[in-house]
Amino acid sequence: MNHKSQTSSAPSRKSILYKRGVIVGMAMAATCSLMSIPFLAGQTHAFASTSNAASSTGSSYAPSHIVQVSISDYSFSPSKITVPVGTTVVWTNNDLVVHSVTSGSGKPSGLFDHDVAPFATFSYTFTKPGTYPYYCKYHSMSGTVVVTAQGSSQTTSSLPSNNTTSMGNSMGGMNMSGSNSATNAGGAYGPYGSNQDRIAPMGTGTKGEPVLPDGLRLLPYTMQDGYKVFHLTAEPVWWETSAGHKVEAWAYNGTVPGPEIRVNTGDKVKIIVTNDLPEGTTVHWHGLDVPFSQDGTGESQMDIPSGHQYTYTFTVHVPPGTYIYHAHPMNDMLKQDKLGLSGPFIVEPKGTSWRGIHPGYQREYTLFLNDSPQFGNDINGKLYPAVPVFKAKLGDKVLVHIINMGSLNHPINLDGMHFQEIEQDGYPLPAPVWMDTLDTQPGTTYDIEIQANNVGKWLLASSIPDQMTSAAGQMSGMAAIFDVSR
């Protein structure tokens with residue numbers, strides 16, 4: 001893709017109902033539109049978005065012998081249908097995750113077993129009378145097809161008639177051809193434009209950045225004329241939150257969360273952002289005191305159009321601590337953030353690292369918390385037990401950067417030992433505070449110090465059961481192991 005470059009002096013813009021740093025709820029289903037707005041020296045760029053609302057079917061038997069079942073909000077709707085022999089049942093996935101339609105009751109019967117991508121379809125024609133239970137291999141959901149020799153069909157729905165996904169109104173188009181694909185004008189796969197082969201498997205990113213011990217990636221930089229120059233690409237990819245559980249993401253450099261940016265107080269930085277999304281975006285530097293024109297909100301710049309680049313330029317004036325970068329476009333900020341466009345921004349002491357001025361820190365980790373319906377209650381883009389183990393030796397002093405990028409409070413508890421909160425939002429506390437549970441708030445960052453003084457594989461997790469338990473009652477979600485060994 002050829003990317004047109006923008007300078008960092010984009011014109012300011014009147015307030016567009018956004019307030020910096022606040023996640024604003026907004027409708028995700030939009031009517032098809034084409035907007036042309038002035039951008040860069042008189043040029044005009046077209047922004048197009050599509051959204052076809054898919055309605056929940058409570059359909060009865062039709063002469064065409066086709067009955068539709070919606071997969072929405074992690075349920076089959078209708079959950080039970082009665083149809084005559086020869087009926088073709090079409091399942092349409094209106095959720096933003098991959099589901100399976102697998103015959104059997106908790107164990108495959110062998111009749112059909114098909115993974116259905118977001119906004120794709122799967123169809124099966126029933127040729128013999130009988131009762132056919134089916135389920136999703138990945139989530140706690142099931143349904144039944146009763147096939148009769150003749151007669152009209154009946155349906156029993158487990159959902160209300162309005163069809164909403166876990167992130168709001170349904171989006172994307174339905175492909176009723178019976179194939180497991182959903183296509184838009186660009187030949188893309190999935191509701192937001194990612195291709196089937198653009199999958200970021202666990203432990204890798206599309207840009208190949210070094211992997212840190214906490215599973216995050218470190219964004220490299222080059223030095224140019226006294227500036228640290230970084231490159232970020234916003235792009236659609238597939239992401240695994242746990243083994244075999246793939247969801248679509250909009251990610252920076254192919255990872256969720258985006259790669260960790262590390263700078264020092266006083267650094268001059270340039271961050272070149274390439275937009276490979278199908279819509280406009282910006283990057284906001286949450287907590288960093290940057291010039292207004294570089295703040296990356298709808299108030300300070302126009303969106304970077306799809307296929308374009310923008311260079312953010314600023315000097316790091318804030319003290320050493322933990323900050324955030326995330327998408328903050330004029331439109332669809334909620335969607336872009338929930339799909340994964342955020343990452344940690346760590347500022348280190350001038351001329352050295354945290355461990356350079358605090359030689360007592362033997363280890364350093366980042367916990368990036370989120371509660372997106374796309375990924376679940378996750379730590380560093382993963383659900384327990386896929387979250388990396390945080391290791392320490394007995395006697396180690398461990399520095400942990402904690403970021404709550406979600407919409408909910410997440411009280412993080414460490415079993416087996418207490419810890420000290422030493423900073424919040426990048427600024428040191430007047431005095432460290434001892435605790436064993438830190439109630440993290442949305443959009444807030446924390447730095448804590450753990451003295452690893454108790455051997456064991458200790459649970460480091462949300463203290464809210466719903467945030468660390470799957471629908472089946474198993475431990476999952478926002479949980480990790482803090483492994484202290486001798």
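Student: Where in the chain is P257 found?
Tutor: The model is a predicted one. A cis peptide bond, with omega about -10°, joins V256 and P257. P257 itself is found in the loop between β19 and β20.

Student: Which backbone oxygen does the side chain of T255 reach?
Tutor: T255 has its place in the loop between β19 and β20. Its relative accessible area is 0%, and buried means under 20%, so T255 is buried. At 2.9 Å, the side chain of T255 reaches the backbone oxygen of P257.

Student: Is N253 buried or exposed?
Tutor: N253 lies in the loop between β19 and β20. Its phi is near 55°, a positive value in a residue other than glycine. The relative accessibility of N253 is 2%, so this residue counts as buried.

Student: What is phi of Y74 near?
Tutor: Y74 lies in the loop between β4 and β5. With a relative accessibility of 28%, Y74 counts as partly exposed. Y74 is a residue other than glycine with a positive phi, near 60°.

Student: Which residue does a cis peptide bond join to Y384?
Tutor: The omega of this bond is about 10°.

Student: Why does D267 count as buried?
Tutor: Buried means under 20% relative accessible area. K228, the salt-bridge partner of D267, is buried at 9%. D267 counts as buried because its relative accessibility is 15%.

Student: Which residue forms a salt bridge with E348?
Tutor: The closest N and O atoms of this pair are 2.6 Å apart. E348 lies in strand β25 and its partner in strand β20, 86 residues apart. Both partners are buried. The partner of E348 is R262.

Student: Which residues do salt bridges that share partners join into one network?
Tutor: E260 and R262 meet in a salt bridge at 2.8 Å, N to O, and both are buried. The network joins E260, R262, E348 and E364.

Student: Which residues touch the most other members of the largest nonpolar core?
Tutor: This core has 29 residues. Elements giving two or more residues to it include β18, β19, β20 and β21. The residues that touch the most other members are I261, I271, W285, L288, F314 and F345.

Student: Which residues does F314 touch, not counting those up to four places away in sequence?
Tutor: F314 is one of the residues that touch the most other members of the largest nonpolar core. Its contacts also include D267, a residue in a salt bridge with K228. The residues touched by F314 are D267, K268, V269, I271, W285, L288, V290, P291 and F345.

Student: How many aromatic pairs does a search of the whole structure find?
Tutor: A pair of aromatic rings is described by the distance of the centres and the angle of the planes. Rings count as a pair if their centres lie within 6.5 Å. By this rule the search finds 17 aromatic pairs.

Student: What is the angle between the planes of the rings of W91 and F112?
Tutor: W91 is buried at a relative accessible area of 0%, and F112 is buried at 5%. W91 lies in strand β7 and F112 in strand β9, so the pair ties together parts 21 residues apart in sequence. Their ring centres are 5.8 Å apart, and the pair is tilted because the planes are at 40°.

Student: How far apart are the centres of the rings of W285 and Y325?
Tutor: W285 and Y325 are buried. W285 lies in strand β22 and Y325 in strand β24, so the pair ties together parts 40 residues apart in sequence. The planes are at 40°, so the pair is tilted, and the distance between the ring centres is 6.1 Å.

Student: Over the face of which residue does K270 lie?
Tutor: K270 is at 4.8 Å from the ring centre. K268 lies over a ring face too, at 4.7 Å from the ring centre. The ring under K270 belongs to Y227.

Conventions
Residues numbered from 1 in each chain as written. Predicted model: local features only at pLDDT ≥ 70, side-chain atom pairs only at ≥ 80, totals over all residues. Heavy atoms only, no water. Salt bridge = Lys/Arg side-chain N within 4 Å of Asp/Glu carboxyl O. Buried < 20%, exposed > 50% of the residue type's maximum accessible area, 1.4 Å probe, protein only. Helix = DSSP H or I, 4+ residues; strand = E, 2+ residues; numbered from the N terminus. Core = buried A, V, L, I, M, F, W, Y, C linked by side-chain atoms within 4.5 Å. Contact = heavy atoms within 4.5 Å. Phe/Tyr/Trp six-rings, centres within 6.5 Å; stacked < 30°, edge-to-face > 60°. Lys NZ or Arg CZ within 6 Å of the ring centre and 35° of its normal. Polar contact = N/O pair within 3.5 Å; in protein donor to acceptor, adjacent residues only side chain to side chain.
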